[in-house]
Amino acid sequence: MNHVRVAVIGAGFSGLGTAIKLVQSGRDDFIVLERGPDLGGTWRVNTYPGCACDVPSQVYSFSFELNPDWSHTYARQPEIQAYLLRVAEKYDLRGRVVFNADVTDAQWTGSVWEIETTAGSWTADVLVAGTGGLSEPSFPDIPGLSSFQGTTFHSAEWDHSWTAAGERVGVIGTGSSAVQFVPHVQREAASLTLFQRTASWVLPRIDKEISDGHKSAYRRVPGLQRLVRALVYTRTEIPLIGFRYDRRILKLGEKMGRKLLEEQVSDPVLREKLRPHFDLGCKRVLLSNHYYPALAADNADVVTDRIVQVVSTGVVTEDAAGMRTTHELDALILGTGFTVQDPPIAHKISVDGATLAEHWKRSGMSALHGVAVSGFPNLFFLMGPNTALGHNSVLLMIEAQIDHVVKALDLLDRQGLTAIEPRADVQEAYDARIQRELQPTVWNSGGCNSWYLDEHGRNTVLWPTFTFTYMRQLRDFQASEYVLS
Ligand code: NAP
């Protein structure tokens, strides 16, 4: 079995960022295990029409690799993927990645991680999971789903051999993905039926093309793009004040959302269907100028009755009076999100025969700083528990985490140590603090059900406050928080 100092799982932003920082810290003895055939992670996989970032592009790049060429305020999927490929080329990372290497098992032997993949086996001193929270499509548990005879796929597995032209298309889901692809599908389809369980808040997407003049100024004027990034960063932090500290600020956003709904949907029945009934931000805020007009079009229908089953020809719903309707469809698209509360990688990582998933099932999903788990030595997470954001760019969090991991490696190397894991009491106190801080937030008490919350209503996904607080927290590596051996 080949041995490496560090094995990184995933070649998306997290994994590639880690590879760059490992090289820059003088480390050469590592591999990146990628289950897919190419680099890019979520931005390689999600290719549905309209796929774009809903976080401003100026903050959606590595801080050490700004991109002067972003085309718009909000970057599109193909250009984000192209950016990542460019960065990988610049840092010569491709050769360090083993493709089609799906990790099937990773066991701690007491001194190393034994890693089985579909492309071979390795041992590693340190395992870094850069698998992302939104990587495993979630398929709804609807009776008869597999009996559907038309075309069906998940939004993260878009079937590009299929075209909506002339088709009667059904869509399940009204989240960030659906809001982006629904207008494209509606334009082409014979009919669009949107099955909505919950109406979300939709705000205008203020998206401008970035002129050639601006792009060239970003290249020529030293510090200009960094200044713009700082301004965009600061502006993007502001909604957090509403989400966490003062909900009156959210009323301004809710007013904008209601105005958009009134302006774009004239049918009062449809308008009521689309009106959200929870505080802005409780679920991720959707940005679109085209979603409501698509749903108000003549060929579109929004169905709010409960889905009871899928049959070979379509979807069966039931209204409040128990009356059933079969919606005949040629295609059914599942915009039903990802398995965030049960990360598949946690089922594959084990210590003493017990998986991390079992451990988290017992004690709730948590990690010190979202990065390391007590009882799981030499394991680090990127985008681990309570480090996702409802308001700003997760790349800020990822970079802070990568630096933390590199500091941990530095400590091991400097002191000739072999293993590091969080102290159980420190992790417990940390988790209790995060959960306390989340209590007053709109994500916990804004009156909605979301994938941020686990089955006990515990928010295991989001960071509770400003991103600069997290970055500051991770900057000083506190060896006393860890058990070292
Ligand atoms: P999502 O937000 O989890 O939305 C899933 C949708 O499917 C929800 O509307 C949900 O309804 C519905 N659903 C699930 N199971 C259902 C069932 N059995 N019956 C009826 N409806 C069902 O997933 P997503 O839209 O893919 O977005 C996931 C996350 O990916 C986002 O929050 C965001 O963080 C990220 N994302 C980011 C971007 C970006 O631009 N950066 C773009 C796309 C996605 P309920 O609301 O009732 O649960």
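Modeller: Let's start with one idea: a polar contact is a pair of N or O atoms within 3.5 Å. Keep in mind that this is a predicted model.

Biologist: Which residues around the ligand are the closest?

Modeller: They are A52, D54, S177, T198 and K283, out of 22 residues that surround the ligand. By class, this shell has 8 nonpolar, 10 polar and 4 charged residues. Helix α4, residues 176-188, gives the most to the shell, with 3 residues.

Biologist: Why is Y60 called buried?

Modeller: Buried means under 20% relative accessible area. Y60 has 8% relative accessibility, so Y60 counts as buried. Y60 lies in the loop between α2 and α3. In sequence Y60 is 335 residues from L395, yet in space the two are 6.6 Å apart, C-alpha to C-alpha.

Biologist: And Q225, why is that residue called buried?

Modeller: The reasoning uses the 20% limit again. Q225 stands at 6% relative accessibility and therefore counts as buried. You will find Q225 in helix α6, residues 224-237. The side chain of Q225 reaches the backbone oxygen of N67 at 2.9 Å.

Biologist: What makes β1 and β2 a pair of strands?

Modeller: Two strands pair if there are at least two bridges between them. Strand β1 (residues 2-9) is joined to β2 by 4 bridges, so the two count as paired. They run parallel, and A7 stands opposite I31 in β2. From β2, F30 and V32 point one way while I31 and L33 point the other way, and all are buried.

Biologist: How do you know what span to expect for helix α12?

Modeller: The expected span is 1.5 Å times one less than the number of residues. Helix α12, residues 394-415, has 22 residues, and its expected span is 32 Å. From its first C-alpha to its last, α12 reaches 32 Å, close to that expected value. Just after α12, G416 takes a positive phi of about 65°.

Methods: Residues numbered from 1 in each chain as written. Predicted model: local features only at pLDDT ≥ 70, side-chain atom pairs only at ≥ 80, totals over all residues. Heavy atoms only, no water. Near = heavy atom within 4 Å. Nonpolar A, V, L, I, M, F, W, Y, C, P; charged D, E, K, R; others polar. Buried < 20%, exposed > 50% of the residue type's maximum accessible area, 1.4 Å probe, protein only. Polar contact = N/O pair within 3.5 Å; in protein donor to acceptor, adjacent residues only side chain to side chain.
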